[in-house]
Amino acid sequence: MKPLMYVIFIIPMVCWSQLPGNSESINKKTPAKYPVQSGIISYTVSGGATGTATLYFDRNGWRALEHRTIQINRYGTMSTEDRKELTDGDYIFKINLTSGSGEKAKDERWSGLMTYKSNAQAFEAIMVSRGGSKVGMDTLLGKPCNKWAFEKGPVSHLWVWQGIPLKVIKKLPGLSYEQTAVSFTENPQIEEVTFTLPEEVIWK
């Protein structure tokens, strides 16, 4: 009986490690999260860190993957950061490609709010819940962006166009850098493999 119980309980763990996102079902029954069906945004990183980042999204924004590779100068010490973050509906997977470790989380705020609020109302509610306040407007890549400021957390300022991040300033102890969009391809065809994460990940 004990070996059978072990099998029963190990199956959910295996399924979880296979990244069970729910963006496809949410996209079918919930209004669009973003104003375009898919997109590829390229960013440059400058300041205390230098490098590039790319954001891929489809399913009207309900599935998105950001890949960021940067060199960091922190307290005079240089290091490299290579990370991927996949948001698949309510599920979030953050992977440090350098160490091979990852973290999983579930956040139903977006999908929950979008059942009775507009895109703009849902985004504003989430920003306010994170301690953000709207401090102005700006234009990036020809898009009118709301500028948000935060008193706490690693994000100092954020520029967004209808929920899509086009610029962010991060401030951490001994480190401050900007990530700014330099190109935005709207409604491209994105291959499924783009949203695939490495299999060999040690999940925390």
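**Salt bridges and hairpins: a quick chat**

Me: Hi! Where do K167 and E178 meet, and in what kind of contact?
Reply: Their side chains come together in a salt bridge, 3.7 Å from N to O. Bear in mind that this is a predicted model.

Me: Which strands do K167 and E178 sit in?
Reply: K167 belongs to strand β10 (residues 164–172) and E178 to strand β11 (residues 175–186), so the pair ties together parts that are eleven residues apart in sequence.

Me: And is K167 buried or exposed?
Reply: K167 counts as buried because its relative accessibility is 17%, and buried means under 20%. E178, on the other hand, is partly exposed at 29% relative accessible area.

Me: Which residues get joined into one network?
Reply: That would be E66, R68, E81 and R83, linked by salt bridges that share partners.

Me: How many salt bridges does the structure hold?
Reply: Ten. One of them is between the side chains of R63 and D58, at 2.7 Å from N to O.

Me: Are R63 and D58 buried or exposed?
Reply: R63 is buried, with a relative accessible area of 4%. D58 is buried too, with 11%.

Me: Why can side chains like these pair up?
Reply: In general, side chains of opposite charge can pair when their charged atoms come close.

Me: What does K134 form a salt bridge with?
Reply: Its partner is E124, and the closest N and O atoms are 3.6 Å apart. K134 lies in strand β7 (residues 132–140) and E124 in helix α4 (residues 119–129), so this pair ties together parts that are ten residues apart in sequence.

Me: What about their accessibility, K134 and E124?
Reply: K134 is partly exposed, with a relative accessible area of 43%. E124 is partly exposed as well, at 36%.

Me: Switching to strands: in which sense do β7 and β8 pair, parallel or antiparallel?
Reply: Antiparallel, over eight bridges, with strand β8 covering residues 143–150. Along that pairing, S133 stands opposite A149 in β8.

Me: What happens in the hairpin of β7 and β8?
Reply: There are two residues between the strands, and L141 takes a positive phi near 55°.

Me: What does A149 stand opposite in β9?
Reply: H157. Strands β8 and β9 (residues 155–161) pair in the antiparallel sense over four bridges.

Me: How many residues lie between β8 and β9 in their hairpin?
Reply: Four, and G153 in that turn has a positive phi of about 90°.

Note on methods. Residues are numbered from 1 along each chain as its sequence is written. This is a predicted model: local features need pLDDT of at least 70, side-chain atom pairs count only at pLDDT 80 or more; totals for chains, interfaces and linings use all residues. Side-chain values use heavy atoms; hydrogens and water are left out. A salt bridge is a side-chain nitrogen of Lys or Arg within 4 Å of a carboxyl oxygen of Asp or Glu. Buried means under 20% relative accessible area, exposed over 50%, partly exposed in between (1.4 Å probe, protein chains only). Two strands pair if DSSP finds at least two bridges between them.
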